[in-house]
Amino acid sequence: MPRYTFTTDAQATCGRDLSRAAIFLLGEYVADQDVLFDLDLALTEAAANVVRHAYGGGCGALEISVDIHPGSHAILEVADTGAGIDAACVTFETPDPTCEGGRGFFLMKRLTDHFEILRDGDRN
């Protein structure tokens with residue numbers, strides 16, 4: 001089971017580049033372009049959340065890990081060491097169409113088979 005980890009500064013363009021790199025790697029194992037598109041969208045949204053919220057405008061790292069189980073599944077993890085969020089406060093309901101934001105977790109949950117928000121020590 002190969003595991004790959006990509007790390008960069010939590011900046012908008014860097015986060016998108018990291019998502020692209022992870023999807024390019026997954027493309028070696030996943031033939032379905034619709035699945036790759038959905039995973040790209042979910043990863044990009046997760047990376048954008050880190051950039052926007054994790055470090056309160058300060059500097060920090062963004063990490064994307066990809067665990068590949070060929071022929072079975074892949075585990076994608078987006079991590080930071082920022083402030084974190086209270087997972088109990090996150091809703092995965094359809095967001096109000098008049099809201100400016102709040103669609104990220106809803107999209108990530110809908111585009112993946114399994115989605116969790118975890119905190120382990122100083123890692124989110």
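Which residues of H2 are buried? They are Leu-36, Leu-39, Asp-40, Ala-42, Leu-43, Glu-45, Ala-46, Ala-47, Ala-48, Asn-49, Val-50 and Ala-54. Here, buried means under 20% relative accessible area, exposed means over 50%, and partly exposed lies in between, using a 1.4 Å probe and protein chains only.

## Before you look around

This is a predicted model, where local features need pLDDT of at least 70 and side-chain atom pairs count only at pLDDT 80 or more, while totals for chains, interfaces and linings use all residues. Residues are numbered from 1 along each chain as its sequence is written, and side-chain values use heavy atoms, with hydrogens and water left out.

Helix and strand names follow DSSP runs numbered from the N terminus: helices are H or I runs of at least four residues, and strands are E runs of at least two.

## The sheet

Let's start with the strands. There is an open sheet of three strands in the order E1-E2-E3, with antiparallel pairing. Two strands count as paired if DSSP finds at least two bridges between them. Strand E1 (3–9) and strand E3 (73–79) sit at the edges with a single partner strand each, so one side of each has no neighbour in the sheet. On average, neighbouring strands are turned by 10° against each other, direction ignored. Angles like this come from axes fitted to C-alpha atoms, for helices over the stretch in contact; they run from 0 to 180 degrees between N-to-C directions.

E1 and E2 run antiparallel and are joined by seven bridges. Thr-5 stands opposite Ser-65 in E2, and Phe-6 has Ile-64 of E2 as its bridge partner. Seven bridges also join E2 to E3, again antiparallel, with Asp-67 opposite Ile-75 in E3. E2 and E3 form a hairpin with three residues between them, and Gly-71 in the turn has a positive phi of about 80°. E2 is mostly covered, with seven of its nine residues buried.

Touching, or contact, means heavy atoms within 4.5 Å.

How far apart are the end C-alpha atoms of H2? They are 30 Å apart, which agrees with the 32 Å that its 22 residues should span at 1.5 Å a residue. That expected span is 1.5 Å times one less than the number of residues. The buried residues of H2 pack against H1, E2, E3 and H3.

Ala-47 is a handy one to zoom in on. It lies in helix H2 and is buried, at a relative accessible area of 2%. Not counting residues up to four places away in sequence, Ala-47 touches Gly-15, Ser-19, Leu-62 and Val-78. Ala-47 and Ala-10 are 37 residues apart in sequence and 7.9 Å apart in space, C-alpha to C-alpha.

## The nonpolar core

In soluble globular proteins, nonpolar side chains tend to be buried together. A nonpolar core here is a set of buried Ala, Val, Leu, Ile, Met, Phe, Trp, Tyr and Cys residues joined through side-chain atoms within 4.5 Å. The largest one has 17 residues, and the members touching the most others are Ile-23, Leu-26, Val-50, Leu-62, Ile-64 and Val-66. Helix H1 (12–26), helix H2 (33–54) and strand E2 (61–69) are the elements that give two or more residues to this core. H2 gives the most, with six.

Leaving aside neighbours within four places in sequence, Val-66 is in contact with Pro-2, Arg-3, Tyr-4, Phe-6, Ala-22, Leu-25, Leu-26, Ile-75 and Leu-76.

## Around H3

The loop between E3 and H3 holds Pro-95, which is buried at a relative accessible area of 17%. Beyond residues up to four places away in sequence, Pro-95 touches Gly-102, Arg-103 and Phe-106.

The structure holds one aromatic pair. The rings of Phe-105 and Phe-115 have centres 6.1 Å apart and planes at 55°, so the pair is tilted. For the cut-offs, rings of Phe, Tyr and Trp (its six-membered ring) pair if their centres lie within 6.5 Å; planes under 30 degrees apart are stacked, over 60 edge-to-face, and the rest tilted. Phe-105 is in helix H3 (residues 104–111) and Phe-115 is in the segment after H3. Phe-105 is partly exposed at 24% relative accessible area, whereas Phe-115 is buried at 18%.
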